[in-house]
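Let's take a walk through a protein model together.

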Amino acid sequence: MKPFGQLLDFDSALQTVLAETMVINTNESVDLDDLAGRVLAEDLYAAMSIPPFNRAAMDGYAVIATDTFGAGRRDPRQLTIVGHVFAGDSPSLNLKAGEAIQIATGAPMPDGADAVVMVEETEKSGDVVKVFKAVYPGANIGRVGEDIKKGERVLAQGTVFDAGKIGVLASQGLSRATVLTKPRVAVMPTGEEIAAFDSELRAGQIYDINSHTIAAVIRQSGGKPEKMPIAEDKPDRLQAAIEKSLDADMVVISGGSSVGERDLMFGILEKLGKVLFHGIQIKPGKPTMFAVVRGKPVLGMPGYPTSCLINAYLLLAPAVRKMAGLPHDEGRIIEAGLSQSVPGAVGRRQFLPVKVENGKAIPLFKESGAITATADADGYLDIPQNVDILEKGEKVIVRLFAR
Ligand SMILES: Nc1nc2c(c(=O)[nH]1)N[C@H]1C(S)=C(S)[C@@H](COP(=O)(O)OP(=O)(O)OC[C@H]3O[C@@H](n4cnc5c(N)ncnc54)[C@H](O)[C@@H]3O)O[C@H]1N2
Ligand code: MOO
């Protein structure tokens, strides 16, 4: 048993973790439809222009713009319809003065035509069309390369794919992209009292919550969780389990981080590598520790499920995002009025889970062991350590959990 040393402030703790986590620089090729959230590993240049040909942007008539000049409701211009072009056609017609070609949105513009009159501005009778409104040259045409020019850089290295960026890739007829490999993060629950969901509970046991909440945070931060078996609180077993988990890019351990008889983590991590901090000046999450073992970052999370999850959002998520090559995410914030007064945590910066309803921030005062404190919360208040009390009705900033 070793009492905490001096507690570190949260910002220094986060900086220490980030300083020891590096972006994974291996790549893999991923299917177009699985790219959402993935990080592009190379610059991508357009192999073709989009649109690849001049095309009608409206249903109507392809015309020579000058033929429509002066047209009005009372003074329409009459053009002879010489053909019909549908989307997907490859027109061979060549439009001449006084002629119009019926055209569908997306169809290639026939040679000679330089504008499209919308069908609403026309009236067809037999093979003659009356045009009620003049169009300027280029009207209602999508020009070659207007969207993307052949040879231009369409997506830069480091781009995070979302629906729109997947669309850019699709426009080029590409079926895959080279992206950064997801960081593999080993998740190791510890404790004699912790049981896997598929086992019978013995007296005194509870089901493992933390490895599942941690895995969810890793996944939504761009990482790949690798679940380890629940480790027993025996030094040699714990050490062997940690050594095995070091095959991953990062290790997250839950439990055993405090100062109880069986809280062995500090000693083992100090033996295997270097503990950079043990104890942060925050509530919840005071016993959180961080070590570097054989070049790998190892985060020791408190066993209490809410302490564990809040610190997974605050410390683990930024680290995994960094390894995944994702930009730092400050998260979304909203302003709300406090539904009741909140006492500060003496000497500790407090991250208090709150629910937001009708513009009110409702504090969820539950103990750190209660998973519902985070499950029911939309976000948290970040209350500095020198605050005595936040008054009812006070405007507060709620930092929303990333979901
Ligand atoms: N004398 C002191 N005791 C404690 C202190 C302290 O400063 N001095 N800190 C308290 C705080 S704050 C926290 S948080 C906890 C953290 O303790 P550990 O990280 O050592 O975690 P455990 O003791 O192993 O477990 C705590 C609690 O959480 C349950 N647990 C553990 N793992 C899981 C899991 N995977 N799924 C669900 N629940 C889990 C465990 O059964 C315990 O009930 O220490 C305080 N004590
Ligand atoms: O720091 Mo503990 O995590 O308050 O509950």
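Predicted model: local features only at pLDDT ≥ 70, side-chain atom pairs only at ≥ 80, totals over all residues.

Residues are numbered from 1 along each chain as its sequence is written, while chains are lettered from A and ligands numbered from 1 in the order in which they are written.

How confident is the predictor? Its confidence in each residue is called pLDDT and runs from 0 to 100. The protein chain has a mean pLDDT of 95, with 99% of its residues at 70 or more. The model's other scores are ipTM 0.96 and pTM 0.91.

Now look at the overall layout. The chain is split into domain 1 (10-26 + 181-324), domain 2 (27-47 + 157-180), domain 3 (55-142) and domain 4 (333-400), with bounds that come from an automatic or database domain assignment. Between the C-alpha centres of domain 2 and domain 3 there are 38 Å.

Next come the helices. Helices (H or I, at least four residues) and strands (E, at least two) are DSSP runs, numbered from the N terminus. A residue is called buried if 20 or more other C-beta atoms lie within 10 Å of its own, exposed if 12 or fewer, and partly exposed in between, with C-beta atoms placed from the backbone. In helix H4 (residues 235-245), Leu-238, Ala-241, Ile-242 and Ser-245 are buried. Viewed down the axis of H4, these buried residues fall within an arc of 100 degrees, so they line one face of the helix; the arc is that of the directions from the helix axis to the C-beta atoms. Asp-236 and Ala-240, on the other side of H4, are exposed.

Helix H3 (210-220) has its own buried set: Asn-210, Ser-211, Thr-213, Ile-214, Val-217 and Ile-218. These residues cover an arc of only 165 degrees around the axis, which puts them on the same side of H3. Just after H3, Gly-222 takes a positive phi of about 90 degrees.

H3 also leads us to ligand 1. Around this ligand are 27 residues, the closest being Asn-210, Gly-255, Ser-258, Pro-302 and Gly-303; a residue counts as near if its C-beta atom, placed from the backbone, lies within 6 Å. H3 and helix H6 (305-324) each give at least two residues to this shell.

Which residues surround ligand 2? They are Lys-283, Pro-284, Gly-285, Lys-286, Pro-302, Tyr-304, Ser-307 and Ser-368. Pro-284 sits in the loop between strand E19 (282-283) and strand E20 (289-293). Another cis peptide bond runs from Ile-50 to Pro-51, with omega near -10 degrees.

Finally, find two residues with positive phi. Arg-294 is not a glycine, yet its phi is positive, about 50 degrees. Arg-294 is exposed, with 9 other C-beta atoms within 10 Å. Asn-358, also a residue other than glycine, has a positive phi near 50 degrees. Its place is in the loop between strand E24 (349-357) and strand E25 (360-363), and Asn-358 is exposed, with 8 other C-beta atoms within 10 Å.

Definitions and conventions. pLDDT = per-residue confidence, 0-100.
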